[in-house]
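Please read it alongside the sequence and the coordinates.

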Amino acid sequence: MWEPIIDGHTDYVLSLFETGRNFFNESHCGHVDLPRAKRGGIGAMLTAIFIRDEYLPDQALARTLRGVDFLFRIIEASGGAMELITSASELEACLDRGRFGVILHYEGAEAIDPEFAVLRLSYQLGLRSLGLTWSRPNIFAEGVGPQDRGRGLTSLGRALVRTCNELGILIDVSHLNDAGFWDVLEYSEKPVVASHSNCRALCPVARNLSDEQILALAKKGGLVGINFHVGFLRAGAERPEDVRLDDVIAHIDHIVELAGVDHVGFGSDFDGATMPVDLADVAHLPRLLETLVRRGYDETALRKICRENWLRVIRAVWRE
Ligand SMILES: [Zn+2]
């Protein structure tokens, strides 16, 4: 059996909320439910709360709280099979016990007010990871995409970075524009992650990272979570059959060759993107691990990619 996997980015909350499917029943819809996650070897998932554009800006907080409440009710209904993870020791115990760990992540800081009251209260609720933007501008930063005017973090954005460092909330630079990326790297005193981004050297899209960015993340002690979205693996890919496991492995190989095996993990984007045929859902993860082994990744390397690198960053950033 494989090491329990920490997956750095998934959107199953939005998928469950919008489709009404049940997390505890195996489904053919979406990419994640509890039975399939177990078969896939998942130990914990950074679980995104994402707000669609139509609710911004006025309903950002209300929709965020609704998402958190929805997630908490799923955890409660799991009867102990799932647990909210708020410390590194809880995460390690969760992996050892074979439960499904939920790490609360906001994909975009639209719900956060300029005085950070919502951030502090969200920390109390269990928030341990924050993306400063999704691919759109807000009061803190600009995202990649058509609205990117090339500006870095605002002064509020820099204060947000400091406050996340103080609280022990992991900062995620996926979806930030390049100027914002470099500002976060400059202002954060703790390691940061790109939870679900790939390599521009292999697939030149704005959501991926340049070699320079990957090296800077590594130097800061962070990591890149490999995203399985077809369009971020191979330029121009749109359909599941356009991409093979080889393409996923090429991105892993590239980061390992460039920055070392300590700086890559998984950040699937399950339930938020188009998956390759061979990774059609979370239950397909063992196929990827088997292929990595065939390509010469040994037990130590695999353990780092599956869990240890995420654990190392989390231990360095969270307060306990
Ligand atoms: Zn995303």
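What percentage of the 320 residues in the chain do buried residues make up? The share of buried residues is 51%. The model is predicted, and the values below are computed from it.

**Overall build**

- The chain contains twelve helices and nine strands.
- Its radius of gyration is 18 Å, close to the 20 Å given by the globule rule for 320 residues, so the chain is as compact as a globular protein of that length.
- The C-alpha trace extends over about 50 × 45 × 35 Å along the principal axes of the chain.
- Of the contacts between residues at least 6 apart in sequence, 71% link residues at least 24 apart.

**Packing of α6 and α7**

- Helix α6 covers residues 155–167 and helix α7 covers residues 178–187.
- The axes of α6 and α7 lie 10 Å apart, and the two helices pack at an angle of about 45°.
- The crossing in which α6 passes α7 is right-handed.

**Residues at the helix contact**

- On the α6 side, the contact is made by Arg158, Val161 and Arg162.
- On the α7 side, Asp183, Val184 and Tyr187 make the contact.
- By residue class, the contact of α6 with α7 comprises three nonpolar and three charged residues, with no polar ones.

Note on methods
Residues are numbered from 1 along each chain as its sequence is written. This is a predicted model: local features need pLDDT of at least 70, side-chain atom pairs count only at pLDDT 80 or more; totals for chains, interfaces and linings use all residues. Helices (H or I, at least four residues) and strands (E, at least two) are DSSP runs, numbered from the N terminus. The radius of gyration is taken over C-alpha atoms; the globule rule is 2.2 Å times the number of residues to the power 0.38. A residue is buried if 20 or more other C-beta atoms lie within 10 Å of its own, exposed if 12 or fewer, and partly exposed in between; C-beta atoms are placed from the backbone. Two residues are in contact if their C-beta atoms, placed from the backbone, lie within 7 Å. Axes are lines fitted to C-alpha atoms, for helices over the stretch in contact, and angles run from 0 to 180 degrees between N-to-C directions. A crossing is left-handed if the near helix is turned anticlockwise from the far one by less than a right angle, and right-handed if clockwise. Ala, Val, Leu, Ile, Met, Phe, Trp, Tyr, Cys and Pro count as nonpolar, Asp, Glu, Lys and Arg as charged, and the others, Gly among them, as polar.
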